[in-house]
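Q: I've got a structure to go through with you. Can we take the terms one by one and see how each applies?

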Amino acid sequence: MIYLDNAATTKVSEEVFEAMKPYFCEQYANPSAIYSFAGKSMKAVDEARKNIADFIGAQPNEIYFTAGGSESDNWAIKAAAEAYKTKGKHIITSTIEHHAVLHTCQYLEKQGYEVTYVNVDEDGVIRLDELEAAIRPDTILITIMTANNEIGTIQPIKEIGALAKRKGILFHTDAVQAYGHIPLNVDEQSIDMLSASGHKFYGPKGIGILYIRKGVRIGSFVHGGAQERSRRAGTHNTSGIVGMGTAALLAAERLQERSAKEIELRDYLIRRVLAEVPYSRLNGHMTDRLPNNANFCFRFIEGESLLILLDQQGICASSGSACTSGSLDPSHVLLAIGLPHEIAHGSLRLTLSEEVTKEDIDFTVDAIKTIVERLRSMSPLYEDFCKKGEV
Amino acid sequence: MYSEKVMDHFNNPRNVGEIENPSGVGTVGNAKCGDIMRMYLDIDDNGIIQEAKFKTFGCGAAVATSSMATELVKGRTVQQALEVTNKAVMEALDGLPPVKVHCSLLAEEAIHAALWDYAEKNNITIEGLEKPVSDIEEKIEEEY
């Protein structure tokens, strides 16, 4: 099997799994308990918190554990909207956010908030002039993702953060795809709140964090206990926290090496596909993109068919086609970068890990070539294209 | 997610291709939604479908339903072909996931569109056949 869907989730690394193991059957105590048996668990939670904070240049007491990226996004946006509603009810986000952000914003619209969805350019980069122009006296929050989950484009977070700071507006970023993969610093990038998730960088599923800058006064999202400085109730997911902390430590140690290897393979994959598959295009920015992300469109074919045939070759990938989303519309991200529907339907996302080899990439590209050719041979769109020679 | 029969017809689609100078050809669906089916029919003087071919842009279910639809109309009379409904296509494939039911509707429409073209070319009326709604060629004509 060749696993190229690491943006969906990653394998838990062996070191992470080893670090987690004692917290199931041995150190199972509730970290909040008073007896000494629980002390070790709380110590492990604190250590993980520090490692996670270090990766983004934050203080440990600014890290709040959650159940994952979606919860963190929901918390940041809804709680900020609640806390700042006397100042205003206007929120700015982008058209290419993850649904955890988009659907939360849509929910707030129903509650009487106004949301501006700033457009992106053809590479998926936020239009900074449009963002600045969208700011109003009643704007209370800007939420823009650090890097896009589909096309991998990395946003100019430092510029966005500086703008928000200058205007005195709270800035949240969904860094679920970026954390552990690219350098981040909440002070240099003027980030007030940041969401991250453990399972996107070789940690376990079901654990995430929300970074909340000291002084940002947003309320609790989950009520019921004094955990996380009374801002997020619920017994600590000790093993998950330890796993995410270990993954953060490893990510910090190996960031350079890991991303250099991934970028080399990613660019090799992109070069081969664009050169060897006719009528293909790369989606997302050529260089300002996540080290492990490649996203293509192949004209005249549909993504789900491509995925099924790749699966039969043992290749796990994903697509932004309507068929994989359960609706009739293809990915909102591909439409936002200006692709027509019929081209957006033929998308393929390949996301690498540190375990992927050049041989894997070669095998995958060869498979894509054969499959695309086969699907085109049965595509009426391709038939028309060949006969008419038109777009 | 898909039945074995769907997978079989997706992996080994029957009757893929084109027919030169077909008795009838129809294209249905739209690229916006991600499904386009084109069906070619060769119908002899006795009104029997001698050959059926298809080309499809779409998901696994779209390919499988097109393939099954061609199988179901081959060797049948025009009237019998009209009775090949989306339900018949689905049943022959041992069912489809709920989100893919529209693919079988498209297959039924593709048959109708090809038959409509055949009727128009031969200036005949096929009893019970209505002008297919999502015929791409028809839509283009309407726009002009």
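Q: What makes the three strands of chain A an open sheet, and in which order do they run?
A: First, a caveat: this is a predicted model, where local features need pLDDT of at least 70, side-chain atom pairs count only at pLDDT 80 or more, and totals for chains, interfaces and linings use all residues. Residues are numbered from 1 along each chain as its sequence is written, while chains are lettered from A and ligands numbered from 1 in the order in which they are written. The order is E9-E10-E12, with antiparallel pairing. Strand E9 (280-282) and strand E12 (347-351) of chain A are the edges, as each pairs on one side only.

Q: How do you know that E10(A) and E12(A) pair?
A: Two strands pair if DSSP finds at least two bridges between them. Strand E10 (residues 293-298) of chain A and E12(A) have five bridges, so they pair. As an example, Asn295(A) has Arg349(A) in E12(A) as its bridge partner.

Q: Which residues does Ala110(B) contact, leaving aside its neighbours within four places in sequence?
A: Contact requires C-beta atoms, placed from the backbone, within 7 Å. Gly26(B), Val28(B), Met37(B), Met39(B), Ser66(B) and Ala69(B) are in contact with Ala110(B).

Q: How many residues of chain A are in contact with chain B?
A: 20 residues of chain A are in contact with 19 residues of chain B. Helix H9 (303-312) and helix H14 (380-388) of chain A are among the elements giving two or more residues to that side of chain A.

Technical notes:
Two residues are in contact if their C-beta atoms, placed from the backbone, lie within 7 Å. Helices (H or I, at least four residues) and strands (E, at least two) are DSSP runs, numbered from the N terminus.
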